[in-house]
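Hello,

Here is the structure we talked about handing over. Please look it over first; my notes follow below.

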Number of protein chains: 4
Amino acid sequence: MPKSDRPLTMPLLNDRLAVPDAPGLPRESGAWLVRLSPGASERAVQGLADRLRGRLLEAAFHDLGSGIVSIGAARRDMLEQTLIEAGVAADLIAVDTPHRLVRRDAVPAGSRVRVAGATFGQGFVLVGGPCAVESRAQIQAAARAAARAGIHVLRGGAFKPRTSPYAFQGLGMRGVELLAEAGRATGLPVVSEILDPSHLERMYPLVDAFQVGARNMQNFELLKALGDVDRPVILKRGASATLEEWLLAAEYLLAGGNGQVILCERGIRTFNPNTRFTLDLATAVQAKSMTHLPVIIDPSHATGRPELVLPLACAALAAGLDGVMFEFHPHPEAALSDGPQALRIEQLDELTQRLARLAEGIGRGMEPARGDHPPA
Amino acid sequence: MPKSDRPLTMPLLNDRLAVPDAPGLPRESGAWLVRLSPGASERAVQGLADRLRGRLLEAAFHDLGSGIVSIGAARRDMLEQTLIEAGVAADLIAVDTPHRLVRRDAVPAGSRVRVAGATFGQGFVLVGGPCAVESRAQIQAAARAAARAGIHVLRGGAFKPRTSPYAFQGLGMRGVELLAEAGRATGLPVVSEILDPSHLERMYPLVDAFQVGARNMQNFELLKALGDVDRPVILKRGASATLEEWLLAAEYLLAGGNGQVILCERGIRTFNPNTRFTLDLATAVQAKSMTHLPVIIDPSHATGRPELVLPLACAALAAGLDGVMFEFHPHPEAALSDGPQALRIEQLDELTQRLARLAEGIGRGMEPARGDHPPA
Amino acid sequence: MPKSDRPLTMPLLNDRLAVPDAPGLPRESGAWLVRLSPGASERAVQGLADRLRGRLLEAAFHDLGSGIVSIGAARRDMLEQTLIEAGVAADLIAVDTPHRLVRRDAVPAGSRVRVAGATFGQGFVLVGGPCAVESRAQIQAAARAAARAGIHVLRGGAFKPRTSPYAFQGLGMRGVELLAEAGRATGLPVVSEILDPSHLERMYPLVDAFQVGARNMQNFELLKALGDVDRPVILKRGASATLEEWLLAAEYLLAGGNGQVILCERGIRTFNPNTRFTLDLATAVQAKSMTHLPVIIDPSHATGRPELVLPLACAALAAGLDGVMFEFHPHPEAALSDGPQALRIEQLDELTQRLARLAEGIGRGMEPARGDHPPA
Amino acid sequence: MPKSDRPLTMPLLNDRLAVPDAPGLPRESGAWLVRLSPGASERAVQGLADRLRGRLLEAAFHDLGSGIVSIGAARRDMLEQTLIEAGVAADLIAVDTPHRLVRRDAVPAGSRVRVAGATFGQGFVLVGGPCAVESRAQIQAAARAAARAGIHVLRGGAFKPRTSPYAFQGLGMRGVELLAEAGRATGLPVVSEILDPSHLERMYPLVDAFQVGARNMQNFELLKALGDVDRPVILKRGASATLEEWLLAAEYLLAGGNGQVILCERGIRTFNPNTRFTLDLATAVQAKSMTHLPVIIDPSHATGRPELVLPLACAALAAGLDGVMFEFHPHPEAALSDGPQALRIEQLDELTQRLARLAEGIGRGMEPARGDHPPA
């Protein structure tokens, strides 16, 4: 259910999509992260919000949780004065980047994002499944294989963004239902791509996380809609998006009120013709250090080559990232989309076991497996 | 009004978004363009459509006008048999590209697309205006300047896709209304960008053409929605889109039933840091020769440099393209978005006059000016 | 003959490859263009040079001709003092770019570069010929066709930089000789690519201009060697070179003492798979406005598609550039390298005639044809 | 000393830079790898070579060592006949790629390349040092720090390819001498970049390996010269080179007779402005699996950011690559080139220790340290 229709258990401090940045403000103005002292009461925070509104401060006020709020476009002296009047002790951190809420100094320890039972931002997480849900039998077989192999989250596309109007467009809502059913049957959380805000209401009860695809990373209407729900979002980087554009797309989600965001690097478009895209691991590492959000990679779409999934997943783990999303299929040669880039079910065990050994070897560990491990 | 709600004056032959391509079909199967003989009656075409449906041919049947239809995924012998039975004489052209309806051999002479009084695909057409509609005064001043200078179509963004959630997001529907009002006041057709299918109904009565921006070129839900309306669409190439992806995005519109499509090259993303994007003129020329659609360029977004608009517009004209879209602003230094790339009003006359001289010099001519040329 | 072995008719003012930029110099220091007053005597210039050297100014002193010199890394007050003592009146122009000698303000009217009888930087110039010299018959046939069609300069590769060690590597010096012979027979100037400084001495007597290929744009040893000869250089932009890197490669030539440089844009490497490279016309236009050097394009290598040569050549002409270099071949289907991108001889007349009409239409004109127009 | 001047201890079977590929050859023709049976005598190989020459086979004959030879452009039946007559038992492997000698099936177990005491292609190897040799004190300090930290090979540029003619160009041969001296003092092998064939003779006695920089990857004259020496070459991938172009550049070296080649990925040019280049790890992994050559990465040049060196080095190790080359400097803030991308000496221990732990954790191990570990 969209947040704005829910009974609130927390004060809603979020002035959505605030005023444009005012370049004419005096030098001591700007955007601020405010770290409230640990013991700040909810009432104190509410008092602060009221005071800021009463002053008609041109401020956006975002509660990031953990006693950290973000204020847009305020003068330092007025902000300090307001904090004093509200009796709230706090540190002020000037924000000098266009992205504010995703900055690592907002949550220095890093955010953890829970997708049903699986936690991103802690152990290494595996998200796997077929490119598209094609039939009950196919997605059930995939789900069982995923659970057996220790994959943590099941993926499967239902609304497929296809380059050609004549290509298989996915099963639509029927596909989402089949995915959810397969998830329930195996105890695996499920994630599926959302293409349009109008699908949100029907998908919401069925998926544990929404995926925003590379082509939609700057579909701002979709981002605004997803900013208003309490479901995690896996936000893929656009194939020609800069780091800043990617972080600002995530900022749309947080500014909308949804802090449950996982970043996913899936390859950028370059001259290199040997892989579908070029996996930009360095930028994924930068995203990890610049934000508090979990960051994963998708080597299947990045390269289109199943033999590269394992070495690149190892690379991501060794480089400190939080997980990997990849495609496998019970019958790659019969897949309705992207079959050639899918791993086979028989390859899953080697993948998960080698990653587990590497995770152990570097003293980090994998996210514990969550599936019900039913017999085949 | 969306087409599907309109009373039809033509038989609706359009089976939307047909079956997936069936790779298992025998060798002689495929997609076909069918050129009916000049005198083919509407009744004959209807009979052909009925017969194809009666046979449960796995066929998509698109009426491209001018007695040309497109058939997807049929066997040649069955298709020939059906044509004979329907008493329709025709040439069959095998389609060997993923894109079918946009191919030049569908309309060898090239399509002309009318945006209210302005025709694309004939004389050279100028589309100009501010990046964003900011106020009544601003857009009225821009419209008057456009009409005076002989610009053919007024552009102005109302829903702005902005990288940052904190940047000016446009005036929304209020901006569309102001744009329409400025168009009426000066006799200029107007075009504005649409971001989401949910805006379609309200924008429809106000704009003479929809623009699909580069970030939305593969927003397939939006393309499907626009395929169902009888309004021209200016389809910008995505910043990382290949020629084939661009043509297939256009194919979505034609396959949906909307043949009024203008392609616009606006720069691709490359390593080159000196222009915002890299204008890919060669691909625009290829798009012109491979399709029957008019093709224009947008040097303002492609380069971000106003001083490059005129030389690149001259280049487009000399290379045989159909028009140019560019940004100007009454007060670039005060613009709320993309001011630095806008031309000044005082520069418009030189632009239009030099292009008119060049158009005359190469024996082609400009599209006749349409604005009412009101006194300033 | 390399310049340094020639008897000098002008004082040699050129301190080659001066000191590194000294970031620690006081604010009023920097590099300077010095425009001497029109009547400045050679003796005055010599006196200025002597004084600068006497002061151990950390200065590079380049004589650009036309009474303009460039001084690197000097303090303004010391420079002014030296000019006063030398009795030389001059304007000082602070240089704030890494490239100095190629800047347009060094020669505001633009440089003209003569390749034997053909002048670049005035009328539009056509440089054409086969990718590689393959035999006497082939290059003679090409030369005659070029002369007949009104092409101004004959090109032909002798040392071929080939991606594969097993591909045809060119005829080497024998190819240069055959090219020179064909040039003499038809009265056409000839240009050929140089790959290595060690070839310079033998090629020097035979070619009217050297070409530096895209792969060698940053072969700085080659650039230094060519800076020391009195032969024009056509400097191709590297496939992944920025505008600044391209201009600095030209700066190597000018800093070495060779001001006869023609810039040639030949496509950059991008994700676009439909043309070999992506012609970056906007950057060519920028290069033209930022430097005093003639700028041409090579649509054959940029696109690999002969059908794009004419429209892109027209675009370059209309955009204000100085010429086009392209490939044609008497028998493209039998060519030993790059045959598919070559025009046929029968297509040359249409090319040259349409460009001539366009040049006339925009009031600019072509460079007068130079070949001897021998009967076929 | 160039090979061609050395007394030969092995029969010279190498017909340099053979005939062009002959597209007209019958279908059963092609290039071949010939694996001789283990016990093949040198005399048998010589007999085979003589017979092939005697037949005027259009063949290039390369001895890859280990009883494997490569034959270019031969007909299968004639090749089999010749093997029978020569009494040589062998497997024939048809070569269907433009690159032949670098293919993994030529040396399935992978080649090991020794740079003095350090072996590439076995344990993980660290190559480190300053971008440029600047002074005796600087390079000696760097060498001591490298030896102490367990770095295996000392790098340092003497001939610097600099974008600007006014930038520090390196110390030239003096720099090579200082580097060699520092290597001797610490027991570390040294590698330095070569820019031009004319430097080869003087550098040969001083360096343990030559580096070919990204800008020179397609300087084919340089590659030909290096193919003729018995010194290892670290071949950097060009910033806009495809995988195939990179492998063919290596092929030039092997075809010239030098099989001691190490491939180094150092970032490709893409639109991404946040790192200097984009490290293309996936292509490095592909190069490793497609060739028998060791493959390393250079994260310093790829990203320009010292904080990314360690995570990307860990990624390379985990992905199965053979080493890392990086820059450090005793005083990065005073470096004459690329200072901001250099690590500090104090950071070396953490780098080498964390890589050693990871190498141990995955059961692979580091190359043993070679420096003399002198006291500071």
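F271(B) is the residue of chain B that comes closest to the rotation axis, with its C-alpha at 2.0 Å. The axis in question superposes chain B on chain D. The rotation is 180 degrees, the shift along the axis is 0.1 Å, and the RMSD is 0.1 Å. Both copies use the same surface here: 100% of the contact residues of chain B recur in chain D. Please keep in mind that this is a predicted model.

The B–D contact takes 4 residues from chain B and 4 residues from chain D. On the side of chain B that touches chain D, 2 residues are nonpolar, 1 is polar and 1 is charged.

Now chains D and A.

How many residues does the contact between chain D and chain A take? Chain D gives 32 residues and chain A gives 32 residues. Four helices of chain D each give two or more residues to the side that touches chain A: α8 (281-290), α9 (299-303), α10 and α11 (348-361). Which element gives the most? That is α10(D), with 6 residues. By residue class, this side of chain D divides into 19 nonpolar, 12 polar and 1 charged.

Helix α10 of chain D deserves a separate note. The helix covers residues 309-318. Is α10(D) mostly covered or mostly open? Mostly covered: 10 of its 10 residues are buried. The buried residues run from V309(D), L310(D), P311(D), L312(D) and A313(D) through C314(D), A315(D), A316(D) and L317(D) to A318(D). Just after the helix, G320(D) takes a positive phi of about 95 degrees.

Best wishes

Methods:
Residues are numbered from 1 along each chain as its sequence is written. Chains are lettered from A and ligands numbered from 1 in the order in which they are written. This is a predicted model: local features need pLDDT of at least 70, side-chain atom pairs count only at pLDDT 80 or more; totals for chains, interfaces and linings use all residues. Copies are superposed by least squares on the C-alpha atoms of residues with pLDDT of at least 70 in both. Two residues are in contact if their C-beta atoms, placed from the backbone, lie within 7 Å. Ala, Val, Leu, Ile, Met, Phe, Trp, Tyr, Cys and Pro count as nonpolar, Asp, Glu, Lys and Arg as charged, and the others, Gly among them, as polar. A residue is buried if 20 or more other C-beta atoms lie within 10 Å of its own, exposed if 12 or fewer, and partly exposed in between; C-beta atoms are placed from the backbone.
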